[in-house]
Amino acid sequence: MDVTLRAAYPKALATLRRVCGELQQAEDLLQDAIERALTSWPRDGEPDDAVAWLVTVGRRRWIDLQRRQALHRDYQLAQVDDTVNASGPECFDRSRINDDLLRLIFTCCHPALSRSAQVALTLRVIAGLSVAEIAAAFLVDPRTLEQRITRAKRKIAAAKIPYRIPADSELPERIDAVACVIYLIFNEGYSNGNGEQPLRVDLCEEAIRLARQLHHLFGKHPEIDGLLALLLLQHARADARTGSDGELITLEKQDRSRWNLPLIAEAKVLVEQALQRGQPGPYQVQAAIAALHCDADHAERTDWAQIADLYAILGRMQANPVVTINRAVALLKCGERAQALSLLDGLRAQTNLDQYLPYHVARGAALAQLEQRAEALLAYQRARELARNAAIIRHLSGTIAELEN
Amino acid sequence: MKYVILIYSSESYWENLSESEREAILADHGRMQEQMRADGAFLGAHRLMDTPTASTLVHRDGASELIDGPFAETKEQLGGFYLVECDDLDQAIGYARIISSDKGSIEIRPVMFSVD
């Protein structure tokens, strides 16, 4: 029953938001309906359509509340509310459910809200997680998170952030914002590692669930499909990412038999179909890169040349030093040492990367392969200074010792 | 729903513009106002004089003191504002985007209530 309720939650909430015109009110109505479900479903059995059931109950309660308020205010309004009642629960419009949910997603990811507020709201309102669950997942104080959500909801109501699907001209930008929120949710789960605390919800799975929902809502939107594929490909490798002591295992050293093949297969179909639509975007390209990694049955058989090309394409879509570093690493793997080093040295002039560990590791590797030992040593030493993780420090110390001999 | 569109920029920026650059900015404002009027959103526009003309009354420890200058010496100052009637925040942001070629920042703030 929990599963049914959770699955129905976002759609029921989105529809109630349309009915009553206000997010907080809609949440209260839904909460009330859920409480009723918890008593009546075990007794009468689960309804065929949980969303319709919850909306109907929530809507009745709303009409009830309206009428009561109206009676307090004046008699005339009570009569107006009878007309609401007449067109009441029976005209539950199924075709609008998906649009309602999209509207609500766009409200939660509205650019007038800070990114952290968008993330918190999406998890609370769309994924239906509790404040305590979200706070634990992000390792923040529940009171801080509660405040963040309350403030965001207040802004939605007070500044009148619209509840609608954006116009076509704004749509690409707004879809990007939604995709970014989902990607951030996934990344938070990914970088924190999963399963350490049994009570923590798995943010990676939540993000995938949200991305799947968008995939269905948007039909075939190439970047949304690219996002879903990217998340699936990264998630497929989750089990192989950590060793028995919980240490991080890099892609090269992972036991590839532990990768989740059905997820990889599903993702590859998504990327290929998305790319065929001829509207490439950053998520599709990143998914294509991840798919190439998954194609290799051994790290040495990775198609680094194609990966380097894809990073070049990605770099043209979003100029970003991290993308350039990744491209340099790929070039290094396929023997283009000089080009790799010149890319990395070019970055030093543009951006302050002195504090960025992967930069120094990549540069050290390029220099070492070009037999510039002294310079390589300096780069690796700088990387070791920046490293905080014991396994990485050990690894770098080993490399440094090799170079010194 | 009423909103104010508050326009902040550095005063020296405006002073250092050429005549044609100023005209371009004013033309953007003209376009925005036209759009506002066409939508029935326009309630008023107010260009402020520069901050050296401002006086600030500061209350401290039960006494008040009049200070020559603006409330805060910041890099960008409030230069003017619009009052508009909109359906929602996106509509107000849409107007502000028309003049965003103007350097500086534009704050969009809902009005809690107005007294006429």
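**View 1. B:Asp61 in the loop between strand 3 (55–60) and strand 4 (63–68) of chain B.** In this predicted model, where strands are DSSP runs of E with at least two residues and helices are runs of H or I with at least four, both numbered from the N terminus, B:Asp61 has a positive phi of about 50 degrees although it is not a glycine. Most residues other than glycine have a negative phi. B:Asp61 is exposed, with a relative accessible area of 80% (exposed means over 50%, computed with a 1.4 Å probe on protein chains only).

**View 2. A:Leu139 in the loop between helix 7 (131–137) and helix 8 (142–158) of chain A.** Phi of A:Leu139 is likewise positive, near 55 degrees, and the residue counts as exposed at 55% relative accessibility.

**View 3. The contact between chain A and chain B.** Chain A contributes 10 residues and chain B eight residues, contact meaning heavy atoms within 4.5 Å. About 720 Å² is buried between the chains, 51% of it from carbon and sulfur atoms; buried area is the accessible area (1.4 Å probe) lost by two parts on being put together, summed over both. Of the area that chain A buries against chain B, 52% comes from A:Ala159, A:Lys160 and A:Arg164, more than from any other three residues.

**View 4. The salt bridge of A:Arg164 with B:Asp88.** The closest N and O atoms of this pair are 2.7 Å apart, and three salt bridges are found across the interface (a side-chain nitrogen of Lys or Arg within 4 Å of a carboxyl oxygen of Asp or Glu).

Residues are numbered from 1 along each chain as its sequence is written, and chains are lettered from A in the order in which they are written. Local features need pLDDT of at least 70, side-chain atom pairs count only at pLDDT 80 or more, and totals for chains, interfaces and linings use all residues, while side-chain values use heavy atoms, without hydrogens and water.

How values were computed. Buried < 20%, exposed > 50% of the residue type's maximum accessible area, 1.4 Å probe, protein only.
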